[in-house]
Amino acid sequence: MTSKDTTLISRFPYLRQDFAASLVVFLVALPLCVGVAVASGVPAELGLITGIVGGLVTGLMRGSSFQVSGPAAGLTVLVFEAVKEFGLPALGVIVLASGVLQMGMGLLRLGRYFRAISVSVVEGMLAGIGLVLVAGQLYPALATKAPDSGPAKIAGLPGAFLDALGDGTAVASLAVCAGTIAVLLLWRHVPAKMRTLPGPLAAVGLATVAAFALDLPVATVEVQGLLGAVQPPPLSAFGELAGVGLLGTIVAFTLIASAESLFSAAAVDRLHTGPRTEYDKELLAQGAGNTVCGLLGALPMTAVIVRSAANVQAGARTKASRVLHGVWLLLFAALLPDVLAYIPIPALAGILIHSGAKLVPVRALAGLWREHRGEALILSVTALSIVAVSMFEGVLIGLALAVVKTAWEASHVKLEVIDKGAGPVDVCIAGNATFLRLPKILDSLESLPEDRPVRLDLSGLHHLDHACRTALENWAERHSAAGTEPVRVTAAQAV
């Protein structure tokens, strides 16, 4: 071993492990980058650009050492809707503005507060995305155009399947999609030596070979080259920032991408014993990556749990593995872009159907319903709202429901009536008396006999809001007017 080799090893002691891990992550990321782009209704190369930026920009920054960033299935629905409503040039503006907001939140040290978002809302968001993604990708699998809205996509599936029965192109397309999903499901059962090749790449590779060898009449990815796909947003597109609709979309991109990245960070931290994620710095890194993606007119990025888990499981030891994966994506996009033209679109649909289905926590929801029905309700309502309305409104509905549930549980109040049959009636109220519990409190108080004195003990209350204070004052005045003596109240915060 030469002195030069010794110096290199001393500077990069884990280069061999990180190099091997980067190749695995590259092979996992490649079909996902292309698939997410196609499903989002943008050129396939834009997905690769986002993956490259995720490796070379976000990968170099501090935050999480093992997270891998790139285009994510979780934002596919939102990107598709944004491109359809505002046009592809505006996508760069949206992603750029979202990146700037993320950097601002990182500098203000707001990253840690994303951990306070209800897990049920996040899981419901992902479940809703998964449902829309699965329903939407079944249409390219059937070689037909998907309806625009989520409910229409689901409602139109039976008719789409019936129409496909007599169409040879649709049957061939569905067969390729089904075969891709079958390979993904069965890949973990193949011999260990074969599993060194990631399942998504194996599934797409086999589908591509089958479509080419059998000359199947299936649609393939359209290729325009890496430089041709780069579309910096024109100055005219920034004028749309004055519109409320675009601003709402930017807020949705920012919140959802940030939440998904930081929840992914928490999950990745459980997979290894290395350095923990610095949430504010990770949010800053994600913002920097999205800012660059916006300037290039590419897809938005998040940290992606599938790629991140593959990175950890492949033996990565430092951030070098995720940076190198970006290098491999850049080399592929620059040197072998024509390879993309052979990939069948129904194979990519199969990849995304498989990914979308994994976002719907069917087993977890059943367990959650048995133990925490309120959380299960929040998850379900959030998911169904995203399907029925849109991503942004669905998440807002879920957050509002979570706040109401928390307020209801936090306003726990205990009311005890001690009536010895003669003399004064003792009423003790403890806990947190808020307007949410006011009906229960007033029902109990108004059922007391009006011809006997009442001693109201409020010393056990931790909180008494204005609505309850006013209601208790009014009740005490009415009871005192009807009874033999005034209501006696014991409490520092007495009425």
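Which residue forms a salt bridge with Asp419? In this predicted model, the partner is Arg452, with the closest N and O atoms 2.7 Å apart. A salt bridge here is a side-chain nitrogen of Lys or Arg within 4 Å of a carboxyl oxygen of Asp or Glu. The pair links distant parts of the chain, 33 residues apart. Asp419 sits in the loop between strand E3 (413-418) and strand E4 (425-433). Arg452 sits in the loop between helix H20 (438-446) and strand E5 (454-464). Helices (H or I, at least four residues) and strands (E, at least two) are DSSP runs, numbered from the N terminus. Asp419 is partly exposed at 41% relative accessibility, whereas Arg452 is buried at 16%. Buried means under 20% relative accessible area, exposed over 50%, and partly exposed in between (1.4 Å probe, protein chains only).

The whole structure holds six salt bridges. One of them joins Glu375 and Lys405, whose closest N and O atoms are 2.8 Å apart. Glu375 belongs to helix H18 (residues 373-388) and Lys405 to helix H19 (residues 391-410), so the contact ties together parts 30 residues apart in sequence. Lys405 is buried, at 19% relative accessibility.

Asp426 and Arg455 also meet through their side chains in a salt bridge (2.7 Å, N to O). Asp426 lies in strand E4 and Arg455 in strand E5, so this pair ties together parts 29 residues apart in sequence. Asp426 is buried at 18%; Arg455 is partly exposed at 37%. Elsewhere, Arg62, Glu278 and Lys281 form a network of salt bridges.

Residues are numbered from 1 along each chain as its sequence is written, and side-chain values use heavy atoms, without hydrogens and water. Local features need pLDDT of at least 70 and side-chain atom pairs count only at pLDDT 80 or more, while totals for chains, interfaces and linings use all residues.
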